[in-house]
Amino acid sequence: SMQEMKRMESVASLLQGGSPGECQRADPKPERGAAAAPREQPWEMIMDKKHFKLWRRPIEGTHLYQYRVFGSYADVTPRQFFNVQLDTEYRKKWDSLVIKLDVIERDLATGSEVIHWVTHFPYPMYSRDYVYVRRYSVDKENNLMVLVSRAVEHPSVPEDPEYVRVRTYESQMVIRPHKTFDENGFDYLLTYSDNPQTVFPRYCVSWMVSSGMPDFLEKLHTAALKAKKMEIEVRDYACARPGEGGEGKASAAEHKSDGAHGPAPLEYA
């Protein structure tokens, strides 16, 4: 994730003005090539706004796309933005699409958390539910914050006939402060893909994601601003060590009664 952020920063240097929030569109050919690693399929820019740019590329062997957003905010601190997207209880208040959002299990050794998320989808589609594991890291040495998630299966969350289970989902968020974690201003890189398992044509799914993702990011930004102005209490994940505190229903320690050993640490492939 950190390497991808460095690559996208090199893309920003090809754009006039240097900053993702201020730049104008440069020649598209070097922009596309620089956004992809060597021998990787190039990215296609599909949205170029003041505060962010959105790319997509086909996922080989499927009808789906992978998406990438590179943007910047100047009125929120990196710590606020990071904490707000990790705080599941606060998200229930600011994200009207959330039907259910719970921490199912937490690994005390790594801080990894298994989340069950149920969300509304546009009419006439059924609501979708996700079971995913997430892990975060605050790298003070490299001045970066990273949050990665991917879909998993979990025995505590069987499929519900009321929802459509999304089994393919990956997300990576990297935040680079302009100065420090507690001063306004940062760039972020979000790379995202999922399979919503819909019968709608590819272009319809692409439109939903490409319109829904910027909308979600703006809601996240507004929620961070509101937390700052109203001094809403949000857990400080940037300072907490793995496994400290939180609102999970069941921790790794609580699952030790299920067998002779606790659950194995959750790892990312």
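Is Trp94 buried or exposed? At 14% relative accessibility, Trp94 counts as buried, where buried means under 20% relative accessible area, exposed means over 50%, and partly exposed is anything in between (1.4 Å probe, protein chains only). Keep in mind that this is a predicted model, so local features need a pLDDT of at least 70 and side-chain atom pairs count only at pLDDT 80 or more, while totals for chains, interfaces and linings use all residues. Residues are numbered from 1 along each chain as its sequence is written, and side-chain values use heavy atoms, with hydrogens and water left out.

**How confident is the model?**

- The chain averages a pLDDT of 79, and 72% of the residues score at least 70; pLDDT is the predictor's confidence in each residue, from 0 to 100.
- Confidence is lowest in helix H2 (residues 28-35), with a mean of 44, and highest in strand E5 (residues 113-119), at 97. Helices (H or I, at least four residues) and strands (E, at least two) are DSSP runs, numbered from the N terminus.
- For residues 18-34 the pLDDT is below 50, and this stretch has 35 contacts in the model beyond near neighbours in sequence. Contact here means heavy atoms within 4.5 Å.
- Residues 245-269 also have a pLDDT below 50, with 51 contacts in the model beyond near neighbours in sequence.

**Aromatic rings**

- The structure holds 15 aromatic pairs. Rings of Phe, Tyr and Trp (its six-membered ring) pair if their centres lie within 6.5 Å; planes under 30 degrees apart count as stacked, over 60 as edge-to-face and the rest as tilted.
- One of them is the edge-to-face pair of Phe82 and Tyr136, at 6.0 Å centre to centre and 75° between the planes. This pair links distant parts of the chain, since Phe82 sits in helix H3 (residues 78-86) and Tyr136 in strand E6 (residues 128-139), 54 residues apart.
- Phe82 and Tyr136 are both buried.
- Back to Trp94: with Phe216 it makes a tilted pair, 5.8 Å centre to centre with 35° between the planes. Here too, distant parts of the chain are linked: Trp94 is in helix H4 (residues 88-94) and Phe216 in helix H5 (residues 202-230), 122 residues apart.
- Phe216 has a relative accessible area of 23%, so Phe216 is partly exposed.
- Ring pairs also join Trp117, Tyr130, Tyr132, Tyr169 and Tyr192 into a cluster.

**Charges over rings**

- Arg56 has its charged end over the ring of Tyr65, 4.2 Å from the ring's centre. A charge sits over a ring if NZ of Lys or CZ of Arg is within 6 Å of the ring centre and within 35 degrees of the ring normal.
- Arg128 does this with Phe121, its charged end sitting over the ring, 4.9 Å from the centre.

- You'll find Asp95 in the loop between H4 and strand E4 (98-106).
- Its relative accessibility is 4%, so Asp95 counts as buried.
- Leaving aside neighbours within four places in sequence, Asp95 is in contact with Phe216 and Lys219.

**Salt bridges**

- Side chains of opposite charge can pair when their charged atoms come close.
- The structure holds 14 salt bridges, each being a side-chain nitrogen of Lys or Arg within 4 Å of a carboxyl oxygen of Asp or Glu.
- Arg7 bridges to Glu4, with the closest N and O atoms 2.6 Å apart. Because they are three residues apart in helix H1 (residues 2-12), Arg7 and Glu4 are separated by about one helical turn.
- Arg7 is partly exposed, at 21% relative accessible area, whereas Glu4 counts as buried at 18% relative accessibility.
- Glu4 also meets Arg68 in a salt bridge (2.9 Å, N to O). Arg68 lies in strand E3 (residues 65-73) and Glu4 in helix H1, so this pair ties together parts that are 64 residues apart in sequence.
- Arg68 is at 4% relative accessibility, so Arg68 counts as buried.
- Glu89 and Lys92 make another salt bridge, with 3.0 Å between the closest N and O atoms. Both lie in helix H4, three residues apart, about one turn of the helix.
- Glu89 counts as partly exposed at 37% relative accessibility, and Lys92 counts as partly exposed at 34%.
- Salt bridges that share partners join Glu4, Arg7 and Arg68 into one network.
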